[in-house]
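Biologist: Hello! Please take a close look at one helix pair for me, and then lead me on from there to the pockets and domains.

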Amino acid sequence: MSFDELYSEIFMEIYDHPHNFGTIESADLKSEDSNPLCGDKINIYIKIDENRRITDVKFTGKGCAISMVSASMLTDKIKGMRIEEVLAIKPEEVIELLKVPVGSTRVKCALLPLAVIRKATGINP
Amino acid sequence: MSDIWESIRNDFPILNRRFNGNRLIYLDNAATTQIPEYVLDGLMEFYKNSNANVHRGVYALSEEATDRYEKARETVRSFIGANRPEEILFVRGSTEGLNLIASSLGKYLFNGKKGGIITTIMEHHSNIVPWQFLQESGAELIFADIHDDGTLDYSFLDMIDENTKIVTVTGTSNVLGVIPDIKKIARKVHDAGAYLVVDGAQLVPHKEVNVNDLECDFLVFSGHKMVAPTGIGVVWGKYDLLEKIPPYMGGGDMIKEVHKYNATWNDLPQKFEAGTTNIAGAIALEKAIQYLKKIGMNKIEEREHTLTKMGMEIFDRMKNVTLYGPHENRASLFSFNIGRAHAHDVASIFDSLGIAIRAGHHCAQPLMERYNVTAMARASLYFYNSEEDVAMIEKGIEKVKQVFRT
């Protein structure tokens, strides 16, 4: 894994200013999960319309740069998607989204946000 | 002096490995230590020449394997100053050892009776969870606290009374590097008629230990934290006590007679060694002890003290870095956090420099809660680490601070 790629300026910029960070009071779907390995914890709040299309999504949490950046990018990606489309997102797509090589141990950090989103939408990861 | 330690490094082939173009700087010794060629050769030699199952065979090869296995037991006995070789039980490691003690001593003490078990907030999960199992049998689990600097708050000694059955404490904290005063605890425990268990996983590899001096009733430790392979560890218990408590696992070798609905137990130590044990592991542990003794446990302790002092100077200098644990009288490990950076990011950035450190809760979640953190990064040393290795901790911290602008 190349360090300069993993902790690039762009990556750290997202970590410093994550998109969609916060809560939604009147969320239709919400969930939380943690990664026992490192204690990362993520809460997801989703608002959907009558067509089960995501109109808004926010997250809160505490964790490493990889999990936080993944949550930022993934919440960006799913906004406007239908629940069924969200459930079809594959783990590989999340890793691809991050655009950085993630080592085998840290993959769990990268995939935690996806797991929480799936949990919120009613499907276990 | 430094020449000795330089040549010692050559005993460990793995220290020549390179990662991402960097020399491996192995600072995860509290998790597992590296193995010198002397021990690896010993392990291989046993398999090449003397491998057979022990105790049951009547042929010469099995007798030789048995003799070597029992000689390894004697080497361990002498290493920790135990009175009798039967007091040495070979197990997989400290975790299995603590489970054995909790199960067998628990059955003996809590058979329908209530009583207290005191442990500490800084214990490894392996010295918490096995005792939790006994809550079903009437045990009440009580946690001794620590001071903010990590040192044990000895006021728990006043809680020890006739209701207390067991006190179990680490010989050295795997997170804080705190070295509790076992003797001081032992006297109070024994005055109350209770038993003292010591988790020696982080103690025995680093300094000379004599169980009679420690005055505890049980001690456990793991081979793989003292230059032996994984899968071999030791329980030491007082002979009379091991005689009284029931066996842990049932199976071959631990029995005297088996009938359809009952069985009688073999003598010590076989009573606690059901099934085929890690025979070659015991031989390798003997080799590891020989290797450590050749250097000298006092020399090892001195060497680690020097390296630890060097490390402390780095942490004293660093701003915005939280080091957990006491300043004085600490073992050779450093658990820390750097500003806002998550410990896993810290470990990844150290890794990019070839430095292997650990990050996470270190199997001590109650302690993480006590400090209100989810994770810590930890650099832990052994005698084969060099001054350059320790200096790299500073390089790692600087790089983290640069990336996280903290």
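Modeller: An axis here is a line fitted to C-alpha atoms, for helices over the stretch in contact, and angles run from 0 to 180 degrees between N-to-C directions. This is a predicted model, where local features need pLDDT of at least 70 and side-chain atom pairs 80 or more, while totals for chains, interfaces and linings use all residues. Residues are numbered from 1 along each chain as written, chains are lettered from A in written order, and side-chain values use heavy atoms without hydrogens or water.

In chain A, helix α3 (residues 65-78) and helix α5 (residues 91-98) have axes that come within 10 Å and cross at roughly 105° (helices are DSSP runs of H or I with at least four residues, strands runs of E with at least two). α3(A) and α5(A) are therefore roughly perpendicular to each other, a label for angles of 65 to 115 degrees. To their contact (heavy atoms within 4.5 Å), α3(A) brings Ile66(A), Val69(A), Ser70(A), Met73(A), Leu74(A) and Lys77(A), and α5(A) brings Glu93(A), Val94(A), Leu97(A) and Leu98(A). By class, the residues of this α3(A)–α5(A) contact are seven nonpolar, one polar and two charged.

Now to chain B, which is divided into domain 1 (2-29 + 297-404) and domain 2 (40-293), with bounds from an automatic or database assignment. Their centres, taken over C-alpha atoms, are separated by 28 Å. Domain 1 of chain B puts 33 residues into the contact and domain 2 of chain B puts in 32.

Each of these two domains of chain B also gives at least three residues to the lining of the largest pocket (lining residues have an atom within 4 Å of a pocket point). The largest pocket has a volume of about 1,100 Å³. Among its 46 lining residues, Asp28(B), Ala31(B), Arg358(B), Ala359(B) and Arg378(B) are the closest to its centre. Two or more lining residues come from each of α4 (94-109), α11 (343-351), β15 (355-356) and β16 (358-360) of chain B, and α11(B) gives the most, with four. The lining of the largest pocket has 15 nonpolar, 21 polar and 10 charged residues.

The second largest pocket holds about 300 Å³ of space. Of its 21 lining residues, Lys62(A), Arg340(B), Ala341(B), His342(B) and Thr374(B) are the closest to its centre. β3 (54-62) of chain A, along with β13 (321-324) and β14 (333-338) of chain B, are the elements giving two or more residues to this lining. The lining of the second largest pocket divides into eight nonpolar, 10 polar and three charged residues.

Note on methods
Parallel < 35°, antiparallel > 145°, perpendicular 65-115°, else oblique. Nonpolar A, V, L, I, M, F, W, Y, C, P; charged D, E, K, R; others polar. 1 Å grid on protein atoms, 1.4 Å probe; cavity = no way out; pocket = protein on both sides within 12 Å on 5 of 7 lines; lining within 4 Å. Points joined across faces, edges and corners; volume = space filled by probe spheres on them.
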